[in-house]
Amino acid sequence: MAEGKRTIGVVTGGGDCPGLNAAIRAIVLHASLEYGWRVVGVADGFDGLIWPERSRELTVETVRGILPQGGTILGTTNRGDPFAYPVKEGGRASVQDYSARCLEGIQRLGIDALIVIGGNGTLAIAHRFSQMGMKIVGVPKTIDNDLRCTEVTLGYDSALHVATDASDRLRTTAESHHRVMVMEVMGRDAGWIALGAGIAGGANVILLPEIPFTIENICGMIRRREAMGRRSSLIVVAEGVRLPGQEARAQDVPGPLAGHAANAIASALRELVDQEVRVAVIGHLQRGGSPSPFDRVLATRFGVGAVELAAREGYGRMVSLQGGKIESALIAEAIHPVRLVDPAGDVVRAARAVGITFGDRL
Ligand code: F6P
């Protein structure tokens, strides 16, 4: 490391998604080749600031060949909020505030500015650090596509490819067996993946957290199709839907309850329709694997844009796609409230216009 050289850190936080490595690569290449900066890769989300010894320098050599790779070479976690860090000692669980340790970690690693690649949760943490004086630049990523101030988040397009491919496959087997197929996709708060994959995959029913539905309305659609001689139906459901009659979400905590929404809907349908009903939960397949060409390009543009933002000292901001161009926005404005599907928006209207039901009317 050259004395006096500017050092930027890069961290990936929250659930992973395709395109993280492409963004890391772009940051490292642009920061080193254009500015001659040193780049430190922070390991495992903010854990790498709490335990800085895990972090390491990233060079042009280190990032060679990672463009098409899924996951993140830095590691990540969606359980490591340094302001409320879950600790287990001697079988006893507690929550510790490790934020001061992160500030020390930044100093120990010699990081002047930190590029945080994350979704809502990670960027909310980054925003708190920013308020404490940390020099932060954000890159919006989440397959859920639920951040504000950007037309799209990194990872969404790749997840949509996986979910659309799954719809295509499920549709053919459903048709062969004359079945109702319920496919559950990710989307904890927002239904962007269900909406996109439902339209792209030719679903008959799309169920979103944003649009309350009833089982009777879904049955109505299935019966109408039967009356027209269509003996199979495809229902795409976002994991975060509120089940009819239930106040709580089908899935408040991610992971362990995957499949809860689809199975609950399938069970209710089985009571009311003659056809067999099957469930497919595609889960983490949506987060894995190689990024789509769109996400590779977006990651590269976001990564380069983040370095440019750091060069301009545009701290507290994240890169964003606006009007097809790379712009920037305040992280504070991007993270809250979550960007939801507009039930009256043109995408939902287009879906309705081609006969897709959202279960909210007969
Ligand atoms: O936030 C992204 C996301 O993929 C959500 O759609 C999903 O609920 C959650 O992460 C799953 O997280 P985990 O990897 O902890 O199961």
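How far does a polar side-chain atom of Glu 239 lie from an oxygen atom of the ligand? I read 2.5 Å, a polar contact (a pair of N or O atoms within 3.5 Å). The model is predicted: local features need pLDDT of at least 70, side-chain atom pairs count only at pLDDT 80 or more, and totals for chains, interfaces and linings use all residues. Residues are numbered from 1 along each chain as its sequence is written, and side-chain values use heavy atoms, without hydrogens and water.

I checked two further contacts. Asp 144 has a polar side-chain atom 2.7 Å from a ligand oxygen. For Asn 78, a side-chain N or O atom is 2.9 Å from a ligand oxygen. The protein covers 88% of the 400 Å² of accessible area that the ligand has on its own (Shrake-Rupley method, 1.4 Å probe).

Next, I asked where the ligand lies relative to the domains. Domain 1 (7-154 + 291-322) and domain 2 (159-286 + 342-353) both give residues to its shell, so the ligand lies between them. The bounds come from an automatic or database domain assignment.

Then I turned to the rings. I found 6 aromatic pairs (ring centres within 6.5 Å; planes under 30 degrees apart are stacked, over 60 edge-to-face, the rest tilted). Phe 46 and Phe 129 have ring centres 5.6 Å apart and planes at 50 degrees, so I logged the pair as tilted. Both Phe 46 and Phe 129 are buried (under 20% relative accessible area, 1.4 Å probe, protein chains only). Phe 46, Phe 83 and Phe 129 form one aromatic cluster.

How values were computed: Polar contact = N/O pair within 3.5 Å; in protein donor to acceptor, adjacent residues only side chain to side chain. Buried < 20%, exposed > 50% of the residue type's maximum accessible area, 1.4 Å probe, protein only.
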